[in-house]
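Me: I would like to learn how to read a few features of a structure. Could you take me through them one at a time?

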Amino acid sequence: MEAELVIDRIACDGYGMCAELLPEIVGLDDWGYPIVRPGPIPDSLLGHARSAVEVCPVLAVRLRQAGAAGTRR
Amino acid sequence: MNFLWYAARGAGVVSLILLSAVLVLGIVTSVRWSSAALPRFVTAQLHRNLALLSLAFLGIHIVTAVVDPYTSLGWLTVVIPFSSDYRQLWLGLGVVSVDLALAVVVTSLLRDRVGYRVWRTVHWLAYGAWPFAVLHGLGTGTDAFAPWMLVIQGLCVAAVVAAVWWRMSVGHAGQQVSASSTLAAQQLDTDAR
Amino acid sequence: MTLTSTRPDPSATHTGTAFARRASASQTSTRLLAGPPAVAGAESLFDHRARLGPLPGRVATQLIPVLERSGLLGRGGAGFPVGRKWRSVAERSEGRAVVLVNGAEGEPLSRKDRNLMAFRPHLVIDGAVLAAAAVGADAIVLYVGAEHASARAALTRAVAERTRELAVPIQLVAAPVGYVSGEESAAVHFVNAGDPRPTNVPPRPHERGVHGRPTLVQNVESLAHAALIARHGDAWYRQAGLGDTPGTALLTVAGAVTQPGVREIQIGTPLGEVAAGAGATREGTRGILLGGYFGGWAGVDEAWNLPLDPAVMRPRGFAFGCGVVSFLSPAECGVMATGRILDFMARSSAGQCGPCVFGLRAIADATHRLATGTPDPDDLARLERWSGEIAERGACRHPDGAVGFLRSGLRVFGDDFVRHQARRGCEARARTGTN
């Protein structure tokens with residue numbers, strides 16, 4: 001599955017756990033908010049990506065079909 | 001019979017310790033504290049896993065207490081507070097704690113279905129579950145005032161109180177600014193016309 | 001005149017809005033602003049119909065292809081083709097769509113929408129009624145900025161004048177004061193829930209908007225143009241326009257000019273001609289703000305001959321936006337002017353997304369420190385870095401606009417920024433003899 005990581009920017013509250021679990025794809029800006037590397041997630045990292053989705057305390061992280069409409073970082 | 005009695009008391013103490021740890025970990029998560037050894041996802045997962053573990057011990061505590069013929073408790077008294085003949089008040093407090101904890105756990109397991117807002121509102125009930133559990137232990141625990149038990153209970157209370165104090169002094173960790181304040185400021189910049 | 005607020009006195013606005021000005025090169029550029037001068041107040045239904053004729057009857061089904069052929073672009077700032085937008089709502093409508101007329105005009109420098117609503121309310125309502133018929137809507141919402149008192153009064157009276165003949169009910173809603181209140185998802189959110197903050201999209205308003213129905217959110221000027229196209233046709237619309245993009249557009253001219261106010265131009269008119277008409281000179285201009293706070297700065301040399309046509313401006317990195325053209329005088333510091341606007345953008349944040357709340361505040365504060373001569377050693381470097389990191393990480397485009405604006409400031413006033421970072425004083429203040 002060609003999946004990419006999507007952040008709900010309104011729900012996101014800067015906990016930063018997604019960046020802890022998936023540092024290859026998610027970095028943090030100066031204020032602790034996620035910067036997501038664009039593009040599909042390599043298969044080897046999909047398990048970690050799913051962990052990142054589950055761990056977020058505010059349910060702000062989702063996996064989505066890559067290239068779907070409405071792509072914002 | 002003795003075995004059931006000891007099991008009930010033992011599981012109860014462990015439940016209380018675990019519940020206190022769960023509360024402290026929840027607070028540590030919400031203030032976004034982390035260290036090299038304890039990243040935030042660890043405190044969050046530990047919080048969740050210990051909560052489920054404490055449920056297991058809570059289950060043992062309840063089952064052994066009900067099954068024990070000495071207490072003559074019916075199963076309904078487990079969920080309906082103050083409905084038992086045996087130690088009506090103090091047991092009832094424990095039942096209140098169980099009800100609140102169950103609500104938290106069920107909504108957490110079904111979080112995707114109930115949505116964030118409902119989950120979050122119910123989660124605040126956790127702050128209610130803990131003091132009822134402590135009072136239940138003090139009031140109905142046979143060993144409540146044994147020295148070792150006092151130490152354990154004292155440590156649990158101290159840990160939770162300290163964590164709550166920390167949370168309140170750090171302030172609400174959420175970063176949302178209220179919409180009304182930002183919009184009101186703009187009155188200054190728009191033409192009165 | 002400073003950039004952050006233009007405060008003409010009320011009487012000046014009447015002459016500033018160029019209703020009376022038929023001295024333009026040809027009749028083709030006076031279309032929306034044709035008719036009685038502003039001193040005459042809001043045009044009544046009777047006068048409106050006497051001047052323009054009644055609204056065309058069974059034109060609803062054909063209007064969308066006519067708009068598509070006309071090439072009319074939206075005037076709220078995004079410039080999206082109007083016909084295509086109506087079509088996307090009509091396709092989903094099933095008779096239950098909603099038309100949301102966007103008259104919020106939260107952009108502080110823009111005056112065109114409030115004046116159009118105040119003096120030609122029936123033209124706007126014509127557009128809304130036509131849109132409702134064309135897309136199959138059963139409700140119209142007039143979303144008008146709470147601070148635009150004359151516009152709201154004029155529209156209220158105009159709706160009352162037409163109540164008996166309206167096929168679709170019209171509701172007037174006061175948009176809360178604020179820059180982001182006019183964002184389309186914010187407008188829908190306010191009508192639905194009283195909360196004027198943008199929401200996550202998808203779904204976009206044309207898919208699910210007011211009360212969950214497909215919603216056409218359209219700027220008042222766009223609807224006014226549509227109302228004229230419905231009467232005169234797409235070929236008539238295309239007669240105006242000096243370049244690739246047809247038609248006329250309203251501008252708000254502001255800043256270091258002798259005659260600020262709202263003008264109507266043929267799209268493609270060179271900036272220098274607009275400047276001359278408003279009393280701005282090359283020597284008296286340090287830079288020009290194009291498109292409003294969501295647009296950006298342009299240098300005098302690169303912009304003086306620039307045709308005001310989105311098709312020309314966009315490839316060159318400029319924004320037509322909401323038609324704001326504001327002139328900065330050499331006595332003003334470009335860094336300071338940039339800082340003030342960035343501060344406004346930071347305060348205007350809906351406060352929902354971290355990168356916007358914290359990022360915009362950080363860039364505004366850093367720019368302010370640079371402007372006042374008290375920068376931190378890395379302020380300029382941080383501005384460059386943040387301008388790459390903050391964009392596209394909010395739920396709406398507000399941070400994108402602020403960052404785009406910052407970038408234009410760093411480009412046009414680059415030398416000034418470097419001077420300020422090095423604490424070598426301010427050229428503008430040197431020119432005015434202060435400091």
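Me: Where is B:L109 found?

Reply: B:L109 is found in helix α3 of chain B; helices (H or I, at least four residues) and strands (E, at least two) are DSSP runs, numbered from the N terminus. Do keep in mind that this is a predicted model, in which local features need pLDDT of at least 70, side-chain atom pairs count only at pLDDT 80 or more, and totals for chains, interfaces and linings use all residues. Side-chain values use heavy atoms, with hydrogens and water left out, residues are numbered from 1 along each chain as its sequence is written, and chains are lettered from A and ligands numbered from 1 in the order in which they are written.

Me: Which nonpolar patch includes B:L109?

Reply: Patches are made of residues with over 30% relative accessible area and no salt bridge; nonpolar side chains (Val, Leu, Ile, Met, Phe, Trp, Tyr) are joined within 5 Å, like charges within 9 Å. Here B:L109 belongs to a surface patch with B:L52, B:L76, B:V79, B:I80, B:L102, B:V106, B:L110, B:V114 and B:V118, together about 810 Å² of accessible area (Shrake-Rupley method, 1.4 Å probe, only the protein chains shown counting as cover for residues). Helix α3 (residues 88–109) of chain B gives the largest share, three residues.

Me: How do I read the packing of α2(C) and α6(C)?

Reply: Two packed helices are described by the angle between their axes and the distance between the axes. The axes of α2 (residues 45–52) and α6 (residues 121–135) of chain C come within 9 Å and cross at roughly 75°. Axes are lines fitted to C-alpha atoms, for helices over the stretch in contact, with angles from 0 to 180 degrees between N-to-C directions. α2(C) and α6(C) are therefore roughly perpendicular (65 to 115 degrees; under 35 is roughly parallel, over 145 roughly antiparallel, the rest oblique).

Me: Which residues meet there, α2(C) against α6(C)?

Reply: C:L45, C:H48 and C:L52 meet C:H122, C:L123 and C:D126, contact being heavy atoms within 4.5 Å.

Technical notes:
A salt bridge is a side-chain nitrogen of Lys or Arg within 4 Å of a carboxyl oxygen of Asp or Glu.
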